[in-house]
Amino acid sequence: MKRVITVTVINQSGVLNRVTGLLMKRQFNIESITVGHTEQPNISKMTLVVNIEDDVKLEQLIKQLSKQIDVLKVNDITDKAIVLRELALVKVVSPPNLRLEMNAIVEPFRPQIVDTSKNVVTYQVIGHPDKIDAFIELVRPYGIKELTRTGVTATVREVQQTFYDQTPLSLLK
């Protein structure tokens, strides 16, 4: 089952390597990883999506991550009400005669056009990974020239109740 784990760390050289090395040694596959600064200077937050089959292995991983040098806090936020987002840049083959058609088709996804040339349009899509997957499948028949994704980032909602945008675990497939 895919788990969303956040790791708050002191922003120092080698921290990312130690965290990913621990996961590698334990043979956990990282589906997605993002790292960025927080509101506090010298503190970063990692968001990992990891496939973990049982609760014992999950508990073991959290304990081992917590013991790492420069790790301040580890949380499994999968079962909480969270906001989960990803960004993708998708270059799509788009001859001028198809642009209006393509723009009408992709409009429900609210992508931004961030670059355009004679025969290629680059869309920026932000949202839940399932939304990005659906966007990619929609434009695939036109021809994807290049695709890049940031990976998932997430935060726990302030109020823990059922929301429209809550990410059920089943959506993390």
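The structure is a predicted model, in which local features need pLDDT of at least 70 and side-chain atom pairs count only at pLDDT 80 or more, while totals for chains, interfaces and linings use all residues. Residues are numbered from 1 along each chain as its sequence is written, and side-chain values use heavy atoms, with hydrogens and water left out.

UniProt, in an unreviewed entry, places the feature "domain: ACT" at residues 4-79; UniProt positions are given in the numbering used here, feature names are shortened, and annotations may be inferred rather than shown by experiment. The span is 30% helix and 39% strand, and its end C-alpha atoms lie 9 Å apart. Helices (H or I, at least four residues) and strands (E, at least two) are DSSP runs, numbered from the N terminus.

Glu31 is located in strand 2 (residues 30-37). Its relative accessible area is 38%, so Glu31 is partly exposed (buried means under 20% relative accessible area, exposed over 50%, partly exposed in between, with a 1.4 Å probe and protein chains only). Apart from neighbours within four places in sequence, Glu31 is in contact (heavy atoms within 4.5 Å) with Lys2, Val49 and Asn51. Between the C-alpha atoms of Glu31 and Arg3, 28 residues apart along the chain, the separation is 9.7 Å.

Glu86 belongs to strand 5 (residues 82-93) and, with a relative accessible area of 8%, is buried. Its side chain makes a polar contact with the side chain of Arg149 at 3.0 Å. A polar contact is a pair of N or O atoms within 3.5 Å; within protein, one must be able to donate a hydrogen and the other to accept it, and residues adjacent in sequence count only if both atoms are side-chain atoms. With neighbours within four places in sequence left aside, the contacts of Glu86 include Val125, Ile132, Arg149 and Val152.

Rings of Phe, Tyr and Trp (its six-membered ring) pair if their centres lie within 6.5 Å; planes under 30 degrees apart count as stacked, over 60 as edge-to-face and the rest as tilted. Two aromatic pairs are counted by this rule. The ring centres of Phe109 and Phe135 are 5.6 Å apart and the planes stand at 75°, so this pair is edge-to-face. Phe109 lies in the loop between helix 3 (99-106) and strand 6 (112-116) and Phe135 in helix 4 (residues 129-139), so the pair ties together parts that are 26 residues apart in sequence. Phe109, Tyr123 and Phe135 form one aromatic cluster.
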